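Trainee: I am new to this one, and I would like to go through it with you step by step. Could we look at it together?

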Amino acid sequence: MKNRSTSAAASSSLTALHNRLFFRVFQVGNMLQRQAAQEIGISSVQWAVLGALSSPRYQEGMTVTQLAEHLAVSRQNLDGVLTRLERDGHVVRVPDATDKRTRRVTMTEGGWAFWSRLQETIEAFYAQSIHDFSFDDKVACVHFLNKLLTNMRNVKLG
């Protein structure tokens, strides 16, 4: 009887730990969204889109599908974000050179200028958000978040 109750208590503690972990991930995402809008002036998804498009690896832009997969968002959610970024003159969607049915998203000159102006603010945001993390803490955090993301991509229930 004692073994069974010890096992149930351990299972309950583990479930509570899992709940706390995933709740913290949820809170971090929500806080990033709120603080990005409040302190930087753009949504966290707009920030992520511009960040992805600014990567030297994507100088020729990205297809909408590539961008959605890279950001782990739906094409429907991404479409609204891209519409706002286009309205503000930061990105354009143009036909792909090899497949005219596919749209490629690229940053405009105005988008590059806007992104450049944001860099100092973004760096200050990073510095304040992780000011008490050591270099090793940062590396470990990235490692464990990458591991969690990989595992979550492989979840198949039912």
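Trainee: Is Ala-127 buried, partly exposed or exposed?
Mentor: Keep in mind that this is a predicted model. Ala-127 sits in helix α5, which covers residues 109-129. Its relative accessibility is 45%, and the middle class runs between 20% and 50%. Ala-127 therefore counts as partly exposed.

Trainee: Which class does Ser-43 fall in, buried or exposed?
Mentor: Start with its place: Ser-43 lies in the loop between α1 (2-40) and α2 (44-53). Buried means under 20% relative accessible area. Because Ser-43 has a relative accessibility of 15%, it counts as buried.

Trainee: Which residues does Ser-43 touch, leaving out those up to four places away in sequence?
Mentor: Good one to check on the structure. A contact needs heavy atoms within 4.5 Å. With sequence neighbours up to four places away set aside, the partners of Ser-43 are Gln-33 and Ala-36.

Trainee: How many aromatic pairs are there, and what is the geometry of Trp-47 with Phe-125?
Mentor: Searching the whole structure gives three aromatic pairs. In the pair of Trp-47 and Phe-125, the ring centres are 5.4 Å apart and the planes meet at 80 degrees. Planes over 60 degrees apart count as edge-to-face, so the geometry of Trp-47 with Phe-125 is edge-to-face.

Trainee: Which helices does that pair link?
Mentor: The two residues are 78 residues apart, so to speak, in distant parts of the chain. Trp-47 is buried at 9% relative accessibility, and Phe-125 is buried at 15%. The helices linked are α2, holding Trp-47, and α5, holding Phe-125.

Key
Residues numbered from 1 in each chain as written. Predicted model: local features only at pLDDT ≥ 70, side-chain atom pairs only at ≥ 80, totals over all residues. Heavy atoms only, no water. Helix = DSSP H or I, 4+ residues; strand = E, 2+ residues; numbered from the N terminus. Buried < 20%, exposed > 50% of the residue type's maximum accessible area, 1.4 Å probe, protein only. Phe/Tyr/Trp six-rings, centres within 6.5 Å; stacked < 30°, edge-to-face > 60°.
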